[in-house]
Amino acid sequence: MIRKILTYPDPELKKKSVPVTVINEKIRELVRDMAETMYDAPGVGLAAPQIGVHQRVVVIDVSPKGDEPELIVAVNPVMVRAEGDSYEEEGCLSVPQYAANVRRHTRVVVNALNLEGEEITYRAEGLLAIAFQHEIDHLDGTLFIDHISPLKREIFRRKYRRTQEELREAD
Ligand SMILES: [Zn+2]
């Protein structure tokens, strides 16, 4: 089922998510909904709090458009190593029509559980490394705009408010 994606400044996006204690049918259904919602959007990643569920679950698919989908499901993801600096443009399904460069790590190692409850280690770089950092941030209530400079954020806020008002008027 495609779920509604919450958008900034929804306070639900600022809440910290709790670890999943048991991987049951409810979690599997959550993951199915998250994947469906992400592909429909379309986006390259989605964290559970973006659909109002405060559990530490993320889905990611950074495979090139037109390729076979390569869905990554990470339950309770933890970044255990990070190195290198990157400064790439990011966007977010919860912050529509805005993109900004964000400082991240180039390479990360992430431990997570899959839907079978097995521990998986991901050694990611490039776009996948950025996606992991972006989605894990969501689980802690952090958005990519929290990483930009205060001045840029102020400009963003003003522009964003105007765009949202225009969208409402167009409805
Ligand atoms: Zn996001």
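## What "buried" means here

A residue counts as buried when its relative accessible area is under 20%. Keep that cut-off in mind as we tour this predicted model. His 134 has a relative accessible area of 8%, so this residue is buried.

Where do His 134 and His 138 lie? Both belong to helix H2, and they are four residues apart, which is about one turn of the helix. Like His 134, which is buried, His 138 counts as buried, at 2% relative accessibility.

## Rings that pair up

Now look for aromatic rings: the whole structure contains six aromatic pairs. One of them joins Tyr 122 and Phe 132 in a tilted arrangement, with 5.3 Å from centre to centre and 45° between the planes. Tyr 122 is in strand S7 (residues 119-125) and Phe 132 is in helix H2 (residues 126-139), so this pair ties together parts 10 residues apart in sequence.

Both partners are buried: Tyr 122 has a relative accessible area of 18%, and Phe 132 has one of 0%.

## A cluster and a charge

Elsewhere, ring pairs link five residues into a cluster: Tyr 8, Tyr 98, Phe 144, Phe 156 and Tyr 160. Finally, find Tyr 87: the charged end of Arg 103 sits over the ring of this tyrosine, 4.4 Å from the ring's centre.

Notes. Residues are numbered from 1 along each chain as its sequence is written. This is a predicted model: local features need pLDDT of at least 70, side-chain atom pairs count only at pLDDT 80 or more; totals for chains, interfaces and linings use all residues. Side-chain values use heavy atoms; hydrogens and water are left out. Rings of Phe, Tyr and Trp (its six-membered ring) pair if their centres lie within 6.5 Å; planes under 30 degrees apart count as stacked, over 60 as edge-to-face and the rest as tilted. Helices (H or I, at least four residues) and strands (E, at least two) are DSSP runs, numbered from the N terminus. Buried means under 20% relative accessible area, exposed over 50%, partly exposed in between (1.4 Å probe, protein chains only). A charge sits over a ring if NZ of Lys or CZ of Arg is within 6 Å of the ring centre and within 35 degrees of the ring normal.
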